[in-house]
Amino acid sequence: MNGFSDENAESARFYEENYELIASYPLAAESPVHIGDKSEPRMCRFCRKQRGDTTFKNRAHAIPEFLGNRSLFLINECDRCNKLFADEYEDHLAKLLGPARPILGMRGKSGAPKYNSSTARIESTPSSGLHITVKDVSVRPGDPPQGPCDFTLPVDTPTQPYVPLRAAKALVKAGCSILPSEFLPHCAGAIAWLMDFSSTVVSAFPVLFSFTPGRSPYGRGSAFVIHRKSKSPAPAFWFVVAASNMRFQVMLPLCQGDDWMGPTGGTFPVRHFCTPFDATHESKYGKTKFRTLDWSSNQSVITRPQFT
């Protein structure tokens, strides 16, 4: 892969040899994309209830709208599951991303995102860009940067309290939402895990996060699922979603093909999926930063955006 770093090229080779792409969608297509089975009686792919035992009145976003999803809708998600997932999981992911979204210009349901705290107000619009209002009179932000550069926020920007494992479940739910119907039986364990809304205890839950500098390098965003085709000791399914400058990669847990992990889980080499950015992009804006996060905690936490 000419123009790509050795690490990126090696990652591309690993995933090409061991995985196949089974679902891929832009987050903002020209027209709505409806995923799922339209046949009647309609059945929810999560709770397995049919129309008559549940309702399908609301339009269910397959991936949260605050990640930039404008066009992906899931036909087979009932109103009850839609509300439960939004309240129990997606709200935690939204709170985690609260300060980052206006900084990166990630538009959501209500348009231009805003962040407001006792120390600062941050908002971003396509027309006028990023605005940071510092409320603490003791802080002297200095002159605003011009052009590509390293930039440190002049004030503290804490998130609202959120539970990391519930934020992780929001990503797993999004991955299960875009699965082709024929793969749903393979991921019954992951769906059962999602339907357990109690305070599940897990020893670790890796979330592979990357941040790529530049002006919204991932454009309008994309999401895809890959399925392991080899016998390599690695997760059977990975879900990847990229929006603005950020990308998240999570395994769909407890799926068919993950027997090698055993009843108490297993270890495997962590490999971030390759990025599409070559040396030209890196020389202009800087290299992608990769981090492996553990979102297994069931305790409420407050964190800060980390872009490095």
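Visitor: What should I know about the model before we start?
Guide: The model is predicted, so local features need pLDDT of at least 70 and side-chain atom pairs count only at pLDDT 80 or more, while totals for chains, interfaces and linings use all residues. Residues are numbered from 1 along each chain as its sequence is written, and side-chain values use heavy atoms, with hydrogens and water left out.

Visitor: How many aromatic pairs does the structure hold?
Guide: There are 14 aromatic pairs. Rings of Phe, Tyr and Trp (its six-membered ring) pair if their centres lie within 6.5 Å; planes under 30 degrees apart are stacked, over 60 edge-to-face, and the rest tilted. One of the pairs is F46 with F85, which is edge-to-face, at 4.9 Å centre to centre and 75° between the planes.

Visitor: Which parts does the pair of F46 and F85 tie together?
Guide: F46 lies in the loop between β2 (33-35) and β3 (72-74), and F85 in helix α2 (residues 79-96), so the pair ties together parts that are 39 residues apart in sequence. Helices (H or I, at least four residues) and strands (E, at least two) are DSSP runs, numbered from the N terminus.

Visitor: Is F46 buried or exposed? And F85, buried or exposed?
Guide: F46 is buried, with a relative accessible area of 4%, and F85 is buried at 0%. Buried means under 20% relative accessible area, exposed over 50%, and partly exposed in between (1.4 Å probe, protein chains only).

Visitor: What about F224 and F273?
Guide: F224 and F273 form a tilted pair, 5.1 Å centre to centre with 55° between the planes. F224 is in strand β8 (residues 222-228) and F273 in the loop between β10 (246-251) and α6 (279-285), 49 residues apart.

Visitor: Which charge sits over the ring of F14?
Guide: The charged end of R271 does, 4.3 Å from the ring centre. The criterion is NZ of Lys or CZ of Arg within 6 Å of the ring centre and within 35 degrees of the ring normal. K169 likewise lies over the face of W193, at 4.6 Å from the ring centre.

Visitor: Changing topic, how many disulfides are there?
Guide: A search of the whole structure finds zero, a disulfide being a pair of cysteine sulfur atoms within 2.5 Å.
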